[in-house]
Amino acid sequence: MTSLPIPRPRAAVIGLLATAAALGAGHLVAGLAAVPSPFVAVGGALVDLTPEPVKELAIALFGTADKLALQTGMALVIAALAVVAGLLSRLRWWPGAVVIGLFGMAGVAAAMSRPEGGVLASLTSVVVGVAGFWWLHGVTRPGAEAPAEVDASRRKFLITSSLVVLGASAAGIVGGILQRGAGVVSSRLAAAARIPKVPEPPVPPGADFVASGTPAFLTPNRDFYRIDTALAVPQLRAEDWRLRLHGMVRSELELTYDDLLQRRVEARQITLTCVSNEVGGPLISTATFVGVPVRDLLLEAGVRPGAQQLFTTSVDGYTAGTPLDVLLEPDRGALLAVGMNGEPLPTEHGFPVRMVVPGLYGYVSATKWLVDAEVTTFDRQHYWERRGWARQAPIKTESRIDRPRPGRTVPAGPVVLAGIAWAQHTGIDRVEVRADGGEWQPAELAADVSRDTWRMWRATLDLPPGDHVVECRATDRSGKPQTPERRSVIPDGATGWHAVRFTCTA
Ligand SMILES: Nc1nc2c(c(=O)[nH]1)N[C@H]1C(S)=C(S)[C@@H](COP(=O)(O)O)O[C@H]1N2
Ligand SMILES: [Mo]
């Protein structure tokens, strides 16, 4: 029996099927072992390896959908490689198997570089991918068939492929369920009852101008911006959580969730801001956080002389470094937070425990899924510092116009402008607006809540028909005006006046 080359479409499908089986099996093993699936491990490694300018570009292009974009890109690359593997093996099984094997080993290497593990799951993927490819190749390969046998061979191929697709999907789905059901949902429910009820500072009426177009003063958890390097949200149960506070301290602390909650718990409104927020950008939100003052824990452990930063590490290996002089200020209000807007932290926002520090950008202070805190010197570089961002990053005084939206058309005459201003831990003293480079006019400020939160503003300008550009600028309570100098986000936050262009009709 002489062998014919496998028809191209069928060869491509064999590559895709073997790859699907590999990913499904990897996902199943990952679910059983409660580690990230190979796909997520590769994505995580890519995120960490991506050069800074490319990451910037991705955030600029896709915003908070950057993870979805990366995953789609990865899926396309994997599919393309699978097709190539299939096409290389129209005569012999091994060239395609080698491609799949090599690519799989890259996945194993990625998993080895991840703090959450997942090596066994990706090895499973490699074995299933290569063996599956070899098997599919043998089963579906046509011989020198008589015309009557061609139909039978096609039928056999269809049945085999459907079975593989079903099996791979089932494995993937079961793996996904196992991973989600790792008990975090019930752990969060139980945590709700364990978090002490403490009085929340009231939000006075008139703290926002929602009717004029500002966001609500408190951001609902589902709308709170989310920025992190985690492709799959880390799943950590409160029952399994431990925090080690160690390094340059007199007595090391090791705390369970209940140990933490036995300390003094307080509630504070804090506006979090991302250093990657461009002028006018959306990466800012406010919540009521409930947690234990970081200062209390530092005093309990006893910071030794010469220490400079608290170096915090998340369960997925992310790190941040926060200056100790800030954390030890008596009225800074930094928290190890467990609650957010009346519920336990959502998993996306760091359940069971994260840090929040009023006045500092998130990347140097707001470690989510926090598991380790080391008192140390500035010699140790944190995640983003190693990638070219500033070691220290106080939030810059800024303001944003939320209404009118850019490019809109509104009737000429009195036009309502509304927006937000922020200068966390200093507070906002004044906001001014102007149209078309004219005189600055004072805006009306919403009720003051605290110096750690944003301040809403609104103003009415009388505008004739035509195109207009409006700008806003804030002044903080130390009397420092927001700088007009236009700077982008790297290395320590964007500056400049937000300008919005729109049209008035007669
Ligand atoms: N574990 C972990 N924590 C993290 C990050 C991260 O990538 N991983 N990103 C930080 C950054 S850059 C910001 S701006 C805030 C965002 O917090 P949020 O997603 O709850 O808004 O989390 C910080 N904490
Ligand atoms: Mo950030």
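The following legends describe close-up views of a predicted model.

**View 1. An open sheet of five strands with mixed pairing.** The strands are arranged in the order β2-β1-β10-β5-β6. Strands β2 (253-256) and β6 (319-323) form the edges, each pairing on one side only. On average, neighbouring strands of this sheet are turned by 15° against each other, direction ignored.

**View 2. The antiparallel pairing of β5 with β6.** Strand β5 (residues 309-314) is joined to β6 by five bridges. Within this region, Leu310 stands opposite Thr322 of β6.

**View 3. Helix α10 across the sheet strands β1, β2, β5 and β10.** The helix spans residues 294-301 and runs at about 135° to β2.

**View 4. The aromatic pair of Phe224 and Phe289, one of eight in the structure.** Phe224 belongs to the loop between α8 (184-194) and β1, whereas Phe289 belongs to strand β4 (residues 284-293), so the pair ties together parts that are 65 residues apart in sequence. Phe224 counts as buried at 5% relative accessibility, as does Phe289 at 0%.

**View 5. An aromatic cluster of Tyr318, Tyr363, Tyr383, Trp384 and Trp389, linked by ring pairs.** Tyr383 and Trp384 form an edge-to-face pair, with 5.0 Å between centres and 75° between the planes. Tyr383 is buried, with a relative accessible area of 5%; Trp384 is also buried, at 15%.

**View 6. Arginine charges over phenylalanine rings.** The charged end of Arg10 sits over the ring of Phe157, 4.7 Å from its centre. That of Arg458 sits over the ring of Phe209, 4.0 Å from its centre.

Note on methods: Residues numbered from 1 in each chain as written. Chains lettered and ligands numbered in written order. Predicted model: local features only at pLDDT ≥ 70, side-chain atom pairs only at ≥ 80, totals over all residues. Heavy atoms only, no water. Pairing = 2+ DSSP bridges. Helix = DSSP H or I, 4+ residues; strand = E, 2+ residues; numbered from the N terminus. Axes fitted to C-alpha atoms, helices over the stretch in contact; angles between N-to-C directions. Contact = heavy atoms within 4.5 Å. Phe/Tyr/Trp six-rings, centres within 6.5 Å; stacked < 30°, edge-to-face > 60°. Buried < 20%, exposed > 50% of the residue type's maximum accessible area, 1.4 Å probe, protein only. Lys NZ or Arg CZ within 6 Å of the ring centre and 35° of its normal.
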